[in-house]
Amino acid sequence: FVSSVLTTAGALGGRGKIDLGVGFLEMGLYEACYALFSAAAVEEELREESTLLMAQADFHARRLSRAELAIGDLLSRETQPKGPVALDARYWMARILEEWGRGDEATLWYGEVIKQDVTHRDSLDRLRLLRSRGEAP
């Protein structure tokens, strides 16, 4: 099923590839969604969003090093992402660092997210959990 969908996905524009990829991501089909996000990234206006989504696929597939590199690259650019992509990039960096057991660093990123939107995903809950376990200042 997935291979036939990916074959026909070539006819989709970048936004269509992202939408289909998000569906695959939610189903746990990380290789398939990664391929779609990568194909969508050739469109300049979708590059940051696609990179973030590829990093999420890597995170869920337990490729934490690759996810950290991708998000680190997004956040270290001279022209950093704005809006929802910027907020999500900071959130996913915190999640990656938390998975690595680097709670003190994750706390800083969760703090950045919470400053902008205290209700963003589960940032506040994750920060509280890190603190309750003594993994963060």
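Reading the labels of a predicted model

The model is predicted, and in it Arg121 has its place in the loop between H7 and H8.

Me: What makes Arg121 partly exposed?
Reply: The relative accessible area of Arg121 is 44%, and since buried means under 20% and exposed means over 50%, with partly exposed in between, Arg121 is therefore called partly exposed. Arg121 also has a positive phi of about 45°, although it is not a glycine.

Me: Where is Val118 found, and why is Val118 called partly exposed?
Reply: Val118 is found in the loop between H7 and H8, and its relative accessible area is 45%, a value that falls between the cut-offs of 20% and 50%, so Val118 is partly exposed.

Me: Why is Ala94 called buried?
Reply: Ala94, which lies in helix H6, has a relative accessible area of 0%, and because buried means under 20%, Ala94 counts as buried.

Me: Which residues of the largest nonpolar core touch the most other members?
Reply: This core has 24 residues, of which Leu52, Phe59, Ile71, Trp92, Ala106 and Tyr110 touch the most other members. The elements that give two or more residues to this core are H4, helix H5 (64–76), helix H6 (83–99), helix H7 (103–116) and helix H8 (123–132), and H6 gives the most, with nine residues. Apart from this core lies another, of 15 residues, including Phe24, Phe37, Ala40 and Leu46.

Me: What makes H2 and H4 roughly parallel to each other?
Reply: The axes of helix H2 (residues 14–26) and helix H4 (residues 47–60) cross at roughly 15° and come within 11 Å, and since angles under 35 degrees count as roughly parallel, H2 and H4 are therefore described in that way. Their crossing is left-handed. In the contact, Arg15, Ile18, Val22 and Leu25 in H2 meet residues of H4, among them Leu53 and His60, and the residues of this contact divide into five nonpolar, three polar and two charged.

Me: Why are H4 and H5 called roughly antiparallel?
Reply: H4 and H5 pack at an angle of about 160°, with their axes 8 Å apart, and because angles over 145 degrees count as roughly antiparallel, this name applies to H4 and H5. The crossing of H4 and H5 is left-handed. Glu48, Thr51, Leu52, Ala55, Asp58 and Phe59 in H4 meet Leu64, Arg66, Ala67, Ala70, Ile71 and Leu74 in H5, and the residues of this contact divide into eight nonpolar, one polar and three charged.

Key:
Residues numbered from 1 in each chain as written. Predicted model: local features only at pLDDT ≥ 70, side-chain atom pairs only at ≥ 80, totals over all residues. Heavy atoms only, no water. Axes fitted to C-alpha atoms, helices over the stretch in contact; angles between N-to-C directions. Helix = DSSP H or I, 4+ residues; strand = E, 2+ residues; numbered from the N terminus. Parallel < 35°, antiparallel > 145°, perpendicular 65-115°, else oblique. Left-handed = near helix turned anticlockwise from the far one by under 90°. Contact = heavy atoms within 4.5 Å. Nonpolar A, V, L, I, M, F, W, Y, C, P; charged D, E, K, R; others polar. Core = buried A, V, L, I, M, F, W, Y, C linked by side-chain atoms within 4.5 Å. Buried < 20%, exposed > 50% of the residue type's maximum accessible area, 1.4 Å probe, protein only.
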